[in-house]
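Please open the structure in a viewer and keep the sequence at hand.

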Amino acid sequence: MGAVLALAAVLAGVLAWRNGIRTTEFAPSGDVPAFEATRYAGPWIFLAATLLTVAGLLLVDVVAQLATARNASAAHREQ
């Protein structure tokens with residue numbers, strides 16, 4: 001369950017990151033050359049960072065649960 005939630009958080013984080021960055025291309029006009037402007041939307045970037053942090057914590061929890069289950073299984077076999 002935790003791995004599924006972590007994957008969902010990663011996917012949502014990637015979508016939020018992509019929504020947080022907008023690039024606009026401007027054509028040349030007179031003496032002004034063509035250029036590209038990038039706009040960063042703070043709330044989307046913050047949401048992406050938060051979601052990716054949550055995904056990392058969920059993955060740490062999944063690894064801890066797997067290690068605990070493995071150790072419990074090994075201890076049960078030794079008895």
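A residue is called buried under 20% relative accessible area, exposed over 50%, and partly exposed in between, with a 1.4 Å probe and protein chains only. The model is predicted, so local features need pLDDT of at least 70 and side-chain atom pairs count only at pLDDT 80 or more, while totals for chains, interfaces and linings use all residues. Residues are numbered from 1 along each chain as its sequence is written, and side-chain values use heavy atoms, with hydrogens and water left out.

**First selection: Gly20.** This residue belongs to helix H1; helices (H or I, at least four residues) and strands (E, at least two) are DSSP runs numbered from the N terminus. Gly20 counts as buried because its relative accessible area is 1%. Leaving aside residues up to four places away in sequence, Gly20 touches Arg39, Tyr40, Ala41, Trp44 and Ile45, a contact being heavy atoms within 4.5 Å. Gly20 and Ile45 are 25 residues apart in sequence, yet their C-alpha atoms are 5.4 Å apart in space.

**Next: helix H2.** Please select residues 42–78, which form helix H2. The expected span of a helix is 1.5 Å times one less than its number of residues. For the 37 residues of H2 this gives 54 Å, and the end C-alpha atoms are 54 Å apart, so the two values agree. Within H2, Ala48, Ala55 and Val62 are buried. Which helix do the buried residues of H2 pack against? They pack against helix H1, residues 2–20.

**Next: Leu52.** Leu52 also lies in H2, and counts as partly exposed because its relative accessibility is 40%.

**Next: Glu25.** Glu25 is in strand E1, residues 21–26, and counts as exposed because its relative accessibility is 63%. Not counting residues up to four places away in sequence, Glu25 touches Phe35 and Glu36. Thr50 is 25 residues from Glu25 along the chain, and their C-alpha atoms are separated by 30 Å.

The structure holds one aromatic pair. Phe26 and Phe35 form this pair, which is stacked, at 4.8 Å centre to centre and 20° between the planes. Phe26 counts as partly exposed because its relative accessibility is 39%, and Phe35 counts as partly exposed at 44%. Rings of Phe, Tyr and Trp (its six-membered ring) pair if their centres lie within 6.5 Å; planes under 30 degrees apart count as stacked, over 60 as edge-to-face and the rest as tilted.
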